[in-house]
Amino acid sequence: MDGPMPEAMIGARLPRREDQRLLTGQGRYLDDLDLPDALAAAFLRSPHAHARITAFDASEALALPGVVAVFSGADLMEIQKPLAPKVQHPQLRDYPRLPMPPEELHYVGEALAVVIAESRYIAEDALELIDVDYEVLPAVGSTAAALRPGGPLVHTGDESNVAVLLTQSAGNAAEALSTAPHTLSEEFFVMRGGGHSMEPRAVAARFEPATGQLTIWDTTQSPHYARQQLSMIYEMAEDDLRVIAPPDVGGGFGPKAQFYGEEVVIPWVAKRLRRAVKWVEDRQENFVSAMMERSQTHQVEVGFDADGRLLAVKDVIEHDQGAYCAGLQVPSITTSTVPGPYKVPNIDIELRACYTNMVPTSSVRGAGRPQAVFVMERMMDRIAAHLGLDPAEVRRRNLIQADEFPYQVGIMFRDGSPLTYDSGNFPALLEGAVERIGYDEARREQVRLREQGRYLGIGLAVYVEGCGLGPYEGAKIRLTNRGRLLVTLAAAGQGQGYETIYAQIAADGLGLDMAYIDVTTGDTARIPFGQGTFASRITATCGPAVFEAAKQMRARLLDTAAVLLGCDVSEVDFDGNHACLGGDREKSVSLQQLAQVANIGKHGITLPRGITAGLETASYFSPERAAYASGAHAALVEVDPETGGITILKYVIGHDCGTVINPLLVDGQVLGGFAHGLGNAMYEEAVYDDEATPQATSYLDYALVSSAEVPPVELFHIHSSSPLNPLGVKGAGEGGTVPPPAAIANAVEDALRPLGARVTRAPVTPARIVDALLAAASVADSVAEKKKVS
Amino acid sequence: MLEQATRRVRGTVNGDPFDEAVDPRLTLADFLREKLRLTGTHLGCEHGVCGACTVIVDGAATRACLMLAVQVDGAAVETVEGLATDGELAPLQQAFKRNHALQCGFCTPGFLMSVTAALREDTVRDEAQAREVLSGNICRCTGYTGLVQSVLDVANGRSDA
């Protein structure tokens, strides 16, 4: 029974069940839910990066017809409790992040009041009628400013802007660097930006006075996390709070995995007013109030021998935490991602996370990994250039080999366990990418074109991605009274196709056709425990839970059928939706009959002998530690040194996420992740000025890639099964996003090497390329000469 | 802000007549979503860039967030709800499904309407033109691969599901 079923659904390339409703306009996103008589909410947000509220007058707003209520932070003191950082550290100097601060505001976009009105139009009118006096305070608009001695303080009265200083080390990097035959150092600045799910955040709530229950619809990636936070803040039992992530959520990408003040304010106001209230974030709000990932600055030094073998890496990371610490997950992941797929005997990583007067930062697809990969992969290229070696060859010499797993890196991962790569084949990924990009031919072409004054470049980037994090995820399977199998997940999806994937996994565990299996997600009233969709974790945690619950359910169904058929369980198997004795449909019981006997029963009548009541199973899977997906990207670009324009001629992705449940969907994850990564590599920049005022607050100022920017990709997979879960799966949601900034930056510097341009900042924009060319003295001459000729 | 009299708007949406009184400032997108309860038209940016709200007005792909409801008086409006016939997906919808051209699905109605309008003009011959047709809409999930393939499939008359 543990063997693969005759027609395995795991691995099948299936279109999705979700698509029919989404393609016909029948999706059920939060703003589509019909909540009769619901009021609309709009938040008043700070126009200042740092200010004290000295006066607040909403009388004019309240007088506007259609306005039901206005609440300032001071009006809701009973819920002004800190929203705790998700990932903490004993040394973290934590500043309480309040749902709607009553006194001091710390970033542009921080909510300070909410208007509740008959329509969003009226609510927004009323916002303009609220009169607030501010005492504007000095603000911090960068990590450099935050760490500058004697500069302004993010939080008035604090002693410094440092959130936490942490180190990760293995061996003795200082000594290894002092004795290394070669060392190189560089400063890198890596910008990431926002999640930019096409559906912004939204929350709606309705209180039922008769039951004392508060129902909350929330676009969150983590409904159980939200419920737990609300339970603590409201001092209500979790059973009286039902958090539902709607069946359709329009993208997540990290920001929706966080917990925000709006999620506290809206349900509470609904409870106070005894009216349903709905808030839907608009895009302008999303730009200034949804968490983003923003920037890190890395001071890196590497030591290596004459063959290019790494001896030591030292990296000092400045991380922008924003106005409050929503969690240390991102910088902590960065620190453990720096060594990547390479053998580094001596590691010293120092993190300086600091506060700034900008919206708090948190995970965005990739979550701290793209920055680390950028730094390490840029340095691999620098080592090659320094020694006159080929960049692919330098990587080959340093990669962890396929027979070295489990591989202990020597430092810790964010899940609290030693960073231990479970499985993989990094050389196969690199060689696959090198071969498919046509590496040798591209090198020859590069030489040929340079003679014509054209600049071709090849960029490689290899990465390892910790995913499938604990503590657990679970699933319940129940035979419904109508004879269908209902798989209930705590996990909430945002487009990943859970209704399809988990039906596939359950089908194999049950040995039943998918047609009899339904999947439901993201509702705290349906399953008590859950964590949420983040960190590419659901397939590796929820997947095994569904498989196990399905196997248990198969045993329960067949046991029950055997009793009713009067035979041994070994003689029973499914044919369609019937459990048959010896394959004979004439001697069978249907799933509906099984439900009739074991679930519905006959009132007051004793169950047949041998039948166990209640056909329901549950399983929670707790991974021993993170699983590690990996990949290699290769980019072939041409750069125009006059304009700084980059043309991507070819792009190859090698991806390894272990067992693939549905290749169609995994390819979609990788290619979509790549587009996001390409945005980080070339376009997206959350610009703030020195006064910490956001400068990019619309899609006119912040460029998301369209079909015109994303090139075709050649994608290949290898499958190194994870030994850490029974399905052998790893995460697939973020890998595509991680290496593109590194691959593109490497390709651009490789292209411009004859001109001496050094690429140290991401995104790699035309302006930065031109700046880098101008900074290279030799370039100035060559440009001048070229102009003379033309 | 001032109290403004409502205006009467009459027209058709997906062939069905409507006759409603609306605030002059009500956007077409909110009119469709809230008055007519056609919630397939989504709002992604409300400043005309992302294209999630794209509908077809008198044959032209139009941002419903940038048009007022009063402007469709006398017009024929088409939305995503009108693409399938009796539950059977149109060839473009089938292609989206086959090619995994959607994930979260939020931007999907806008893509479907933009591409539907463009394909009626029969101008897509190759991948570059397919990308051009798609480039007025933003998708954060798919990386556009399946979308490009879907446009090409339908432009080239491929309709196998």
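How many residues does helix H17 of chain A have, and how far does the helix reach from its first C-alpha to its last? In this predicted model, H17(A) spans residues 663-682 and has 20 residues. Its reach is 28 Å, close to the 28 Å expected at 1.5 Å a residue. Of these 20 residues, 18 are buried, so H17(A) is largely enclosed by the rest of the structure.

H17(A) also takes part in the contact between the chains. That contact draws 41 residues from chain A and 44 residues from chain B. On the side of chain A that touches chain B, helix H1 (19-23), helix H3 (120-127) and H17 each supply at least two residues. The largest share comes from H17(A), with 8 residues. By class, this side of chain A holds 18 nonpolar, 15 polar and 8 charged residues.

Arg140(B) is in contact with residues of chain A. The residue lies in the loop between H4 and H5 of chain B. Arg140(B) is buried, because 28 other C-beta atoms lie within 10 Å and the cut-off is 20 or more. Leaving aside neighbours within four places in sequence, its contacts are His196(A), Ser197(A), Met198(A), Gly251(A), Phe253(A), His676(A) and Leu704(A). Within its own chain, Arg140(B) is 116 residues from Pro24(B) in sequence, and the two C-alpha atoms are 33 Å apart.

Helix H4 of chain B covers residues 127-134, and its buried residues are Ala130(B), Arg131(B), Val133(B) and Leu134(B). Seen down the helix axis, these residues fall within an arc of 160°, so they line one face of H4(B). An α-helix has 3.6 residues a turn, so residues three or four places apart point the same way. The cover over the buried residues of H4(B) includes helix H3 (108-120) and H5 of chain B.

H5 of chain B (residues 145-155) contains Val154(B). Val154(B) counts as buried, with 22 C-beta neighbours inside 10 Å. Beyond neighbours within four places in sequence, Val154(B) is in contact with Pro91(B), Leu92(B), Ala95(B) and Leu119(B). Leu92(B) is 62 residues from Val154(B) in sequence, yet the C-alpha to C-alpha distance is 6.1 Å.

In chain A, helix H11 (residues 391-398) was examined for its buried residues. These are Pro391(A), Ala392(A), Val394(A), Arg395(A) and Asn398(A). They cover an arc of only 160° around the axis, which puts them on the same side of H11(A).

Helices H15 and H16 of chain A form a crossing pair. The axes of H15(A) (residues 538-565) and H16(A) (residues 591-600) come within 10 Å and cross at roughly 90°. The two helices are therefore roughly perpendicular to each other. H15(A) contributes Leu557(A), Thr560(A), Ala561(A) and Leu564(A) to the contact. H16(A) contributes Leu594(A), Val597(A) and Ala598(A). By class, the residues of this contact divide into 6 nonpolar, 1 polar and no charged.

Backbone geometry was then examined in the loops. A cis peptide bond joins Phe405(A) and Pro406(A), with omega about -5°. Pro406(A) is in the loop between H11 and strand E16 (407-412) of chain A. The bond from Gly470(A) to Pro471(A) is also cis, with omega near 0°. Pro471(A) lies in the loop between E18 and strand E19 (473-479) of chain A.

Positive phi values occur at Ala367(A) and Arg37(B). Phi of Ala367(A) is near 45°, in a residue other than glycine. Ala367(A) is in the loop between strand E15 (346-355) and H10 of chain A. Arg37(B) has a phi of about 55°, although it is not a glycine. Arg37(B) is in the loop between helix H1 (28-35) and strand E3 (54-57) of chain B. Are these two residues buried or exposed? Ala367(A) is buried, with 30 other C-beta atoms within 10 Å. Arg37(B) is exposed, with 10 other C-beta atoms within 10 Å.

Notes. Residues are numbered from 1 along each chain as its sequence is written. Chains are lettered from A and ligands numbered from 1 in the order in which they are written. This is a predicted model: local features need pLDDT of at least 70, side-chain atom pairs count only at pLDDT 80 or more; totals for chains, interfaces and linings use all residues. Helices (H or I, at least four residues) and strands (E, at least two) are DSSP runs, numbered from the N terminus. The expected span of a helix is 1.5 Å times one less than its number of residues. A residue is buried if 20 or more other C-beta atoms lie within 10 Å of its own, exposed if 12 or fewer, and partly exposed in between; C-beta atoms are placed from the backbone. Two residues are in contact if their C-beta atoms, placed from the backbone, lie within 7 Å. Ala, Val, Leu, Ile, Met, Phe, Trp, Tyr, Cys and Pro count as nonpolar, Asp, Glu, Lys and Arg as charged, and the others, Gly among them, as polar. The arc is that of the directions from the helix axis to the C-beta atoms. Axes are lines fitted to C-alpha atoms, for helices over the stretch in contact, and angles run from 0 to 180 degrees between N-to-C directions. Angles under 35 degrees count as roughly parallel, over 145 as roughly antiparallel, 65 to 115 as roughly perpendicular and the rest as oblique.
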